[in-house]
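This report looks at a helix pair, a surface patch and a loop residue, in that order. Please keep the sequence and the structure at hand while reading.

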Amino acid sequence: MFFHNIQLYSDHPTLELAAFGLMLCLGLRIHEVANIRYQDINVENRTISVFGKNEKSAILPLPDPLQNYFQKLVVNKSQDVHLFGNNSQSTIRKLRAQYKLYSFVSGWKYPGGPHLLRHTFISRLSERTDCPSQLLMYLARHDRPENTARYVHRSPNQLTRAVNKINY
């Protein structure tokens, strides 16, 4: 519903779908999204360069669901310009406000802000059997496994199913 409401109510749906999509599909932090420049996106190679906490950088795969948005956004744009706005603090404030609006319209009762999308990305990725902890840690851009572990959440149904698998 969240992304559907962006399509319905946004003045710039492609831009906002791309921004929130990076948070959900790659686990980017809001300040990482705000600092993305056109030159950081390589649509041909399907990669995005991310500059995160502590001056760390990573080249990440551009997820299929986001590819179309970025193909539209990077056409004929100056390379040294920020994609979502040239003032990162203003972009962060705007994204937080838009997140509040879309989550309210979607009827979300989840506490927190856009960082919830990062938690969702890491939690969902951790459920995959083909994603070892080292890969999860890399995609989360964490140095220590205990940092990544803080982002892994399980639903009550998942916990109940796990407990019921124990053979007493």
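## A residue between buried and exposed

A residue counts as buried when its relative accessible area is under 20%, as exposed when that area is over 50%, and as partly exposed in between. The model discussed here is predicted, and in it Leu101, which has its place in helix H5, counts as partly exposed because its relative accessibility is 40%.

## The nonpolar patch

Leu101 belongs to a nonpolar patch on the surface that also includes Leu8, Tyr9, Phe104 and Val105, and together these residues have about 540 Å² of accessible area. Helix H1 (2-9) and H5 are the elements that give two or more residues to this patch, and H5 gives the most, with three residues.

## How H1 and H5 pack

Two packed helices are described by the angle between their axes and the distance between the axes. For H1 and H5, the axes come within 9 Å and cross at roughly 110 degrees; since angles of 65 to 115 degrees count as roughly perpendicular, the two helices H1 and H5 are therefore roughly perpendicular to each other. On the H1 side the contact is made by Phe2, Asn5, Ile6 and Tyr9, and on the H5 side by Tyr99, Tyr102, Ser103 and Val105.

## A loop residue

Asp80 lies in the loop that runs between helix H4 (64-73) and helix H5 (88-105), and Asp80 counts as exposed because its relative accessibility is 57%. Leaving aside residues up to four places away in sequence, Asp80 touches Arg37 and Gln39, whereas Asp80 and Thr120, 40 residues apart in sequence, are 31 Å apart in space from C-alpha to C-alpha.

Technical notes
Residues numbered from 1 in each chain as written. Predicted model: local features only at pLDDT ≥ 70, side-chain atom pairs only at ≥ 80, totals over all residues. Heavy atoms only, no water. Helix = DSSP H or I, 4+ residues; strand = E, 2+ residues; numbered from the N terminus. Buried < 20%, exposed > 50% of the residue type's maximum accessible area, 1.4 Å probe, protein only. Contact = heavy atoms within 4.5 Å. Patch = residues over 30% accessible without salt bridge, like charges linked within 9 Å, V, L, I, M, F, W, Y side chains within 5 Å. Areas by Shrake-Rupley, 256 points an atom, 1.4 Å probe, with all protein chains shown as cover. Salt bridge = Lys/Arg side-chain N within 4 Å of Asp/Glu carboxyl O. Axes fitted to C-alpha atoms, helices over the stretch in contact; angles between N-to-C directions. Parallel < 35°, antiparallel > 145°, perpendicular 65-115°, else oblique.
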